[in-house]
Amino acid sequence: MRIGQGYDVHKIDKDRELILGGVKIESDFGLSGHSDADVLVHAIIDSLLGAAALGDIGQLFPDNDMTYKGISSIYLLKKVCEKIYDSGYKILNIDSTLIMQKPKISGYTLEMRQNIAEACNISVDNVSVKATTEEKLGFTGRSEGASAQAVCLIE
C-alpha cells in the first residue's frame, strides 16, 4: 500500500464562478487559476500522483499550456486516475479537507463526493470531503484565498 498527500491554494477572484469538487457553488466569488481552479480536486490529484510517484499536477497539466485553459478539474482527475490504473495501482480511498472562510459547503459535499468517486471509478463510500474555516486567521480566514488538503491510499 502507498499513501499520497496533496495540497493546493488558489486566490479569490470576484470575476469567476466557484467550482469545488466539480460542483458550481452559489457564491459571490470564484478562485483564480489556469483551469477551473477547483482547489479541492487539485489537492486530490496531487495526492494520487504522489502516492504512485507519478509527478504532480503542474508536470502533467502545465499552466502555460493553453490546452488546459479553463478545463474541468474533474476531467483532469479522470485522466490522472486512468494513469494510476494503467500503472497497476488501485485507489482504495480519498480523504480531503477544504479550507476557506466562506461559503458553507455542507449542502454540496455529497455531490462533490459523487463527482470525485465517478472520476476515480471508486465507490462514493471511499471518498470523504470535509470543510473547515480558520477562524478568520491567515489568508483563508481573511477570505483572500482557499486551500485544500488530501490524502489517499492506493495499492
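User: Where is Asp56 found?
Analyst: This is a predicted model. In it, Asp56 is found in the loop between helix H1 (39–51) and helix H2 (57–60).

User: What is Asp56 in contact with, beyond four places in sequence?
Analyst: Asp46 and Leu49. Asp46 is 10 residues from Asp56 in sequence, and the two C-alpha atoms are 5.4 Å apart.

User: On to H4. How many residues, and what does it reach from first C-alpha to last?
Analyst: Helix H4 covers residues 109–120, which is 12 residues. Its reach is 16 Å, close to the 16 Å expected at 1.5 Å a residue.

User: Which residues of H4 are buried?
Analyst: Thr109, Met112, Ile116, Ala117, Ala119 and Cys120. Seen down the axis of H4, these buried residues fall within an arc of 165 degrees, so they line one face of the helix.

User: What do they pack against?
Analyst: Both helices and strands. The helices are H1 and H3 (73–86). The strands are S2 (18–20), S3 (23–25), S5 (91–99) and S6 (127–132).

User: And what comes just after H4?
Analyst: Asn121, with a positive phi of about 60 degrees.

User: Switching to Val9. Which strand does Val9 lie in?
Analyst: Val9 lies in strand S1, residues 2–13.

User: Buried, exposed or partly exposed?
Analyst: Val9 has a relative accessible area of 35%, so it counts as partly exposed.

User: What does Val9 touch, leaving out residues up to four places away?
Analyst: Val39, Phe139, Ala146 and Ser147.

User: How far apart are Val9 and Gly145, in sequence and in space?
Analyst: They are 136 residues apart in sequence. In space, C-alpha to C-alpha, Val9 and Gly145 are 7.1 Å apart.

User: Last topic, aromatics. How many pairs?
Analyst: The count comes to 1 aromatic pair. Phe61 and Tyr68 form it.

User: What is the geometry of Phe61 and Tyr68?
Analyst: Edge-to-face. The ring centres are 5.2 Å apart, with 80 degrees between the planes. Planes over 60 degrees apart count as edge-to-face, so the angle sets the label.

User: Are Phe61 and Tyr68 buried or exposed?
Analyst: Phe61 is buried, at 14% relative accessibility. Tyr68 is buried too, with a relative accessible area of 17%. Both get that label because buried means under 20%.

Terms used: Residues numbered from 1 in each chain as written. Predicted model: local features only at pLDDT ≥ 70, side-chain atom pairs only at ≥ 80, totals over all residues. Heavy atoms only, no water. Helix = DSSP H or I, 4+ residues; strand = E, 2+ residues; numbered from the N terminus. Contact = heavy atoms within 4.5 Å. Expected span 1.5 Å × (residues − 1). Buried < 20%, exposed > 50% of the residue type's maximum accessible area, 1.4 Å probe, protein only. Arc of directions from axis to C-beta. Phe/Tyr/Trp six-rings, centres within 6.5 Å; stacked < 30°, edge-to-face > 60°.
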